[in-house]
Amino acid sequence: MSAFVHIENISRLFGPNLTTGEKIAAKLGSKVETRSVRAVSDVTLSVRKGETLGLVGESGCGKSTLGRVIAGILTPTSGRVTIDGAPVMKNGTKVTTRVQTVFQDPFASLDPRMKVGETVAEGPIAHGLTTKAQAGGYVAGWFERVGLDPVWVDRYPHQFSGGQRQRIAIARALAMQPDVLICDEPVASLDVSIQAQIINLFLELTRDLGLTCVFISHDLSVVQHVSDRVAVMYLGRIVELGPVQEVFGTPAHPYTAALFGSVPKLVLDAEELVRFDKIMGEVPSPLSPPSGCYYHPRCPLATELCSLTQPDSAPISELRTVACHHFEVQMASLEKK
Ligand SMILES: Nc1ncnc2c1ncn2[C@@H]1O[C@H](COP(=O)(O)OP(=O)(O)O)[C@@H](O)[C@H]1O
Ligand code: SF4
Ligand SMILES: [Mg+2]
């Protein structure tokens with residue numbers, strides 16, 4: 001499989017958005033936060049055609065920001081994203097329909113005043129994928145495809161359950177006939193029993209439609225279930241990347257090991273959700289990341305080198321990369337267990 005989505009040196013900063021009063025206060029020496037948050041820092045990776053890439057990491061590590069940049073919803077501060085060689089954005093505007101997004105909360109992402117059929121039809125009509133005259137049949141087809149009864153097209157979002165609303169959001173994304181789907185915590189707001197249904201639908205649709213996906217989730221069991229490869233993020237950087245079973249089975253980065261250390265067997269059940277508070281220490285503020293390796297204040301393997309020098313991402317096998325000075329020590333520790 002060849003690389004299809006290229007994410008090249010993407011960084012995204014969020015400024016402090018100071019009011020004029022705050023700017024004056026800052027100049028006069030008052031304690032006003034003037035630093036920028038570096039939400040994503042120089043991320044380069046590619047996703048192959050038909051592949052699902054899982055994106056994991058603790059809350060606030062930059063997963064959604066990266067997902068939004070890939071989807072062309074958010075302008076990167078630097079770097080660029082291309083799909084099959086064509087840029088996703090030009091001059092701060094999304095210029096392709098080939099990438100679509102499914103968000104965590106379908107209630108927030110669906111217009112409460114619009115009939116759901118109209119919501120699904122809106123984009124395809126605007127982009128000439130169907131006509132107003134043919135939109136009824138077009139939308140009905142997508143409703144069936146995601147397991148919804150087409151007679152419901154005239155209902156409003158509040159008349160559906162959470163799982164049904166997420167199916168509508170999936171239909172809306174797929175009706176744009178994308179090649180690439182960005183799913184940002186698509187099942188996190190759903191009941192556990194419904195999560196498995198939506199995940200199975202997602203697997204079926206990505207396989208049947210040959211979609212390329214970036215699947216963001218804090219639930220590692222979900223990521224393990226849906227992904228071919230997984231990228232692990234820490235404070236805006238990708239610290240490890242590789243085939244999901246290899247990364248889960250033999251984590252090469254100490255952060256991945258801490259994250260996955262408590263990964264239970266794959267059962268899509270509330271009891272099996274992984275809690276990140278098992279990792280030692282607090283996540284540092286992205287306003288002032290630590291020197292050297294961002295993970296060093298929490299890392300059991302940290303040395304002086306780690307606090308001084310940021311490790312580059314480097315290949316450790318044909319399909320895996322890791323950004324750690326001492327990954328061999330980490331991997332050797334697995335063999336002893
Ligand atoms: N619109 C925004 N304005 C300012 N800071 C933001 C904004 N969006 C995200 N951030 C900050 O960027 C960092 C990454 O956030 P996010 O991408 O949402 O992480 P995740 O999805 O992994 O939880 C966090 O520190 C967050 O507070
Ligand atoms: S570079 Fe050092 S501090 Fe960072 S993860 Fe590796 S061992 Fe830990
Ligand atoms: Mg998020």
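## First stop: ligand 2

By class, the shell around ligand 2 has nine nonpolar, four polar and no charged residues. Here Ala, Val, Leu, Ile, Met, Phe, Trp, Tyr, Cys and Pro count as nonpolar, Asp, Glu, Lys and Arg as charged, and the others, Gly among them, as polar. Select Cys293, His296, Cys299, Cys306 and Cys324, which come nearest of the 13 residues around ligand 2. A residue is near a molecule if its C-beta atom, placed from the backbone, lies within 6 Å of it.

A word on what you have loaded: this is a predicted model, in which local features need pLDDT of at least 70 and side-chain atom pairs count only at pLDDT 80 or more, while totals for chains, interfaces and linings use all residues. Residues are numbered from 1 along each chain as its sequence is written, and chains are lettered from A and ligands numbered from 1 in the order in which they are written.

## Second stop: ligand 1

Now select Phe14, Val37, Ala39, Gly57, Ser59, Gly60, Cys61, Gly62, Lys63, Ser64, Thr65 and Pro286, the residues around ligand 1. Strand 2 (37-48) and helix 2 (63-70) are the elements that give two or more residues to this shell. Helix 2 supplies the largest share, three residues. Helices (H or I, at least four residues) and strands (E, at least two) are DSSP runs, numbered from the N terminus. Coloured by class, the shell around ligand 1 shows five nonpolar residues, six polar and one charged.

Select residues 116-126 for helix 4 and 135-145 for helix 5; they pack at an angle of about 110°, with their axes 10 Å apart. Helix 4 is therefore roughly perpendicular to helix 5 (the term covers 65 to 115 degrees). The axes are lines fitted to C-alpha atoms over the stretch in contact, and angles run from 0 to 180 degrees between N-to-C directions.

Which residues meet here? From helix 4 come Gly117, Val120, Ala121, Pro124 and Ile125, and from helix 5 Ala135, Tyr138, Val139 and Trp142. This contact has eight nonpolar residues, one polar and no charged.

## Last stop: the two domains

At the boundary, 31 residues of domain 1 are in contact with 32 residues of domain 2 (C-beta atoms, placed from the backbone, within 7 Å). Strand 12 gives the largest share of the domain 1 side, seven residues.

Definitions and conventions:
Angles under 35 degrees count as roughly parallel, over 145 as roughly antiparallel, 65 to 115 as roughly perpendicular and the rest as oblique.
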